[in-house]
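The following exercises concern a structure of protein chains. Please study the sequence and the model before working through each solution.

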Amino acid sequence: MLITRVLCSRTPNADGFWKRRRVFKLTAHYYGRKRNCYSIAIRYLHRALVYVRKSRKLKKRDAVELWQQRISAGCRELGSSYEALVRGMARCQIALDRKTLANLAIWEPRTFKSLTHIAAAKLQREPIKGLNDFSPPPAGVITRGML
Amino acid sequence: MSNKHLFLPSGFIRTPLQNGLGRYIPQLQRITLKFCKNHGGSRGVRDFIETDLMEFAKTNPGTVVYLKPRRHRYPCMVAEYLNGEREYLSCHEFSRAEIQKWLSYMCTRSGIPVMRFRKYQHTDYPSIQGVWNPFTHQAPEINVAQFPHEILSKPVNNGPTATDQLIEIFKKTQIKDPVKPEH
């Protein structure tokens, strides 16, 4: 019996269905042939996964930028500036991060106002060159130097 | 994994009826264990039933346990929750310890479907002082102010203007005692 052909034959890929299923589960929300045809879908899926990987850092960066914008807007409404708030708070050793400050500005506006006053009072006492604030010192703030 | 997955929806974390705020109510309503009395794949389930099931039933008095011995079927467990969700799990070739762990997982779950959480905190009352609105930091006097107003119509003092600064610089450059030329 000629067994060469039998020995040299290769079994078909048993995992084919499941391999494609893994891809189609991730491309189910695509449009047209991109979701149904493997060789087309796999190309778009690879790009999508690359974007997912890259955007993990970008998401954090975007979030920080958004918080900074919101804090700046909140400060400017109260006659201060983002730089004044941050530098004044650093000198008072108040270590609140930008996420918390943004949340305070939205949900706890009076606390945020108090923080701007504290920072402004500190900068009145220890002015920073280049950071000019000509508004009168905020009332109701008691600093260490006063006592 | 992208976040726009159809098979892993995203949502915010929640509990049914603020469970745990007062009394904690286990959300598992009933658990059905289906197994075969002979087949080898059900050995783990059979061992679990013989040894640990009574203890499980005593520790979870709010959960009803149903046993369904079915010939020539693979073992499985179906958990039904108080909000109507069903969770199916195949227990084929599981060991006794594995079944115990999966059962405890089913017990501690609420019926809310598995999802990607967008935030790991939730609160019904995010603000105590009141949410910011454009009138939060405004003085209430503007409600009854008649414009043009003495104070409110004037610009806010933002320090010396450019003109003022130039005048200051000019004055500094002036000589106070000019030398008179000798004739």
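**Exercise 1.** Determine where Glu93(B) lies and whether this residue is buried or exposed.

*Solution.* Step 1: Glu93(B) belongs to the loop between β5 (86-90) and α3 (96-108) of chain B; helices (H or I, at least four residues) and strands (E, at least two) are DSSP runs, numbered from the N terminus. Step 2: Glu93(B) counts as exposed because its relative accessibility is 57%, where buried means under 20% relative accessible area, exposed over 50%, and partly exposed in between (1.4 Å probe, protein chains only). Step 3: the phi of Glu93(B) is near 60°, a positive value in a residue other than glycine.

The model is predicted: local features need pLDDT of at least 70, side-chain atom pairs count only at pLDDT 80 or more, and totals for chains, interfaces and linings use all residues. Residues are numbered from 1 along each chain as its sequence is written, chains are lettered from A and ligands numbered from 1 in the order in which they are written, and side-chain values use heavy atoms, with hydrogens and water left out.

**Exercise 2.** State where Gln93(A) is found and what its phi is.

*Solution.* Step 1: Gln93(A) sits in the loop between α5 (82-91) and α6 of chain A. Step 2: its phi is near 60°, a positive value in a residue other than glycine. Step 3: Gln93(A) counts as exposed, since its relative accessibility is 72%.

**Exercise 3.** Identify the residues that a cis peptide bond joins.

*Solution.* Step 1: the bond joins Phe147(B) and Pro148(B), with omega about 0°. Step 2: Pro148(B) lies in the loop between β6 (116-117) and α4 (162-173) of chain B.
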